[in-house]
Amino acid sequence: MEFNNNTLANVMDLLLDAICMVDVEGRYVYVSAAFERIFGYAPAEVIGRPMIELVHPDDRARTLQAADQIMGGQPKPHFQNRYVRKDGQVIHIMWSARWSETDRLRVAVGRDITELKRAESMRAALHAISEAAHLAEDLLALFRRIHQIVGELLPARNFFVALYDSKKDELSFPYFVDEYDQTPMPQKLDSGTLSGEVIRSGEALLLTRASDESPPAGAGPIIGMDSLDWLGVPLGSPRGTIGALVVQSYSSGVRYTEKDKVLLEFVSIQVAAAIERKQTETWLQYVARHDQLTDLPNRELFHDRLRTSMARARREQARLAVLYIDLDKFKEVNDSFGHDTGDRLLCEVARRINECVRESDTVARIGGDEFVVLLNSIDLPEHASAVAEKIRQSLEQPFDLAGRQLNVSSSIGIAIHPEHGEEARQLMRHADDAMYAAKRQGGNKVMPTVLQELHDDTLAS
């Protein structure tokens, strides 16, 4: 049987793979009928058009490099890159290409491997998310890694994580990357955001300009400027929906589809588990180093910060101070009004002490009615005395607890680095001794460490 050009063209049109011919200038001169099925463009729409215009922007540089190599006589039997279909979808293509010197054309056969790549990417994503849950130092590091992983599955230039705290009824945005908008402030779940609607309903939501679907009733505008596409999926866990993953696009070149929604929903299951794991780890670390009643740092965390601060102070030849605070006659409050009242009093004491110091300082509860304050980078010892006096006067003011007015006072001892000690234990001991000296004088006093006492201690040792 003799084949003419028309017969050959008909056979080529029956193939599932696309056949393309591109000239020296990189323009299509022929594409088979399968090209339209894969790329969405009819042959008449691409003939004479530069091939590179259809390639995904992120793959154009290496595609041009491969084209140069093919034209130089190096066939590419398994070259992979991404294209953007006419409808905006990103597809993965496996090419087998060679150069015809006689015809001065690049001849290539392209196979759509998008589904295969999707399956491979999903397996890799699940493994990467599980690994990130173990290796990420904190939640922010976990969110950054999740953003990277999702970005390997679908376009995620604009990506954010919304988390819901049911106890506070608070929707927050701990990770928010958007080319037009800043991170939103925490808000109520029913404040009208689309991410809030995803969390409330527990259902994924895909809104595109190409679809007829409209935002749910009561949902407010998309965060930031109106996007062309908005895709959000719930983060579900055994204890309910804990948040949402959201991607959005402001470009007509990036459109989301139902396949993207299914993919993101599948990944979100692993993401939710990873977030909960990291939240639990973070909470356990926090509880281990904080006082559960006042939420202040506990003894262990205070000593860690003190050692770190003293090392820095030695390097920088700077001063710091430790204030040792003990409430006067606190036992009488517990005996007269009960431990619940005593606990409320301790919480209020913690709040007042915090109001008297800087954010760079540390207030800790180290047991019972004993508190310590680390004052970093003070210029003069008198500055520590001024802060201690401010605390004493604040604690001297009446406390209104559940309609009952209580009056307490405090005894405060002060030790300064380096004058009163070069080591953390030494500094704490002198501050403690000074506090007891204040108590022996009747309490409600600020007592600096006395140099003579230090001299006597040295002789005794």
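**Exercise 1. Find which residues of H9 meet which residues of H13, and describe how the two helices are placed**.

Solution. Step 1: On the H9 side the contact (heavy atoms within 4.5 Å) involves Phe 302, His 303, Leu 306, Arg 307 and Met 310, and these meet Ala 424, Leu 427 and Met 428 in H13. The model is predicted, so local features need pLDDT of at least 70 and side-chain atom pairs count only at pLDDT 80 or more, while totals for chains, interfaces and linings use all residues. Residues are numbered from 1 along each chain as its sequence is written, and side-chain values use heavy atoms, with hydrogens and water left out.

Step 1: The residues of this contact of H9 with H13 divide into 6 nonpolar, 1 polar and 1 charged. Here Ala, Val, Leu, Ile, Met, Phe, Trp, Tyr, Cys and Pro count as nonpolar, Asp, Glu, Lys and Arg as charged, and the others, Gly among them, as polar.

Step 2: H9 covers residues 299-316 and H13 covers residues 424-440; they pack at an angle of about 115°, with their axes 10 Å apart. That makes H9 roughly perpendicular to H13. Angles of 65 to 115 degrees count as roughly perpendicular, under 35 as roughly parallel, over 145 as roughly antiparallel and the rest as oblique. Axes are lines fitted to C-alpha atoms, for helices over the stretch in contact, and angles run from 0 to 180 degrees between N-to-C directions. Helices (H or I, at least four residues) and strands (E, at least two) are DSSP runs, numbered from the N terminus.

Step 3: H9 passes H13 in a right-handed crossing. A crossing is right-handed if the near helix is turned clockwise from the far one by less than a right angle, and left-handed if anticlockwise.

**Exercise 2. Describe the packing of H6 and H8 by angle and by the residues in contact**.

Solution. Step 1: H6 (residues 139-151) and H8 (residues 258-288) pack at an angle of about 165°, with their axes 11 Å apart. H6 is therefore roughly antiparallel to H8. The crossing of these helices, H6 and H8, is right-handed.

Step 1: H6 contributes Leu 139, Leu 142, Phe 143, Ile 146 and Val 150, and H8 contributes Leu 264, Val 271, Ala 274, Ile 275, Lys 278 and Gln 279. By class, the contact of H6 with H8 has 9 nonpolar, 1 polar and 1 charged residues.

Step 2: Leu 153 lies in the loop between H6 and E6. Leu 153 counts as buried because its relative accessible area is 16%; buried means under 20%, exposed over 50%, and partly exposed in between (1.4 Å probe, protein chains only). Leaving aside neighbours within four places in sequence, Leu 153 is in contact with Ser 121, Met 122, Ala 125, Leu 263 and Val 267.

**Exercise 3. Describe the hairpin of E12 and E13**.

Solution. Step 1: E12 (residues 362-367) is mostly covered, with 5 of its 6 residues buried. E12 and E13 (residues 370-378) pair in the antiparallel sense over 5 bridges, and Arg 365 stands opposite Phe 371 in E13.

Step 1: There are 2 residues between the strands E12 and E13, and Gly 368 in the turn has a positive phi of about 50°.

Step 2: In E13 lies Ser 377, a residue other than glycine whose phi is positive, near 50°. Ser 377 is partly exposed, with a relative accessible area of 47%.

**Exercise 4. Find what kind of peptide bond joins His 417 and Pro 418**.

Solution. Step 1: The bond between His 417 and Pro 418 is cis, with omega about 10°.

Step 1: Pro 418 is found in the loop between E16 (409-417) and H13.

Methods
Pairing = 2+ DSSP bridges.
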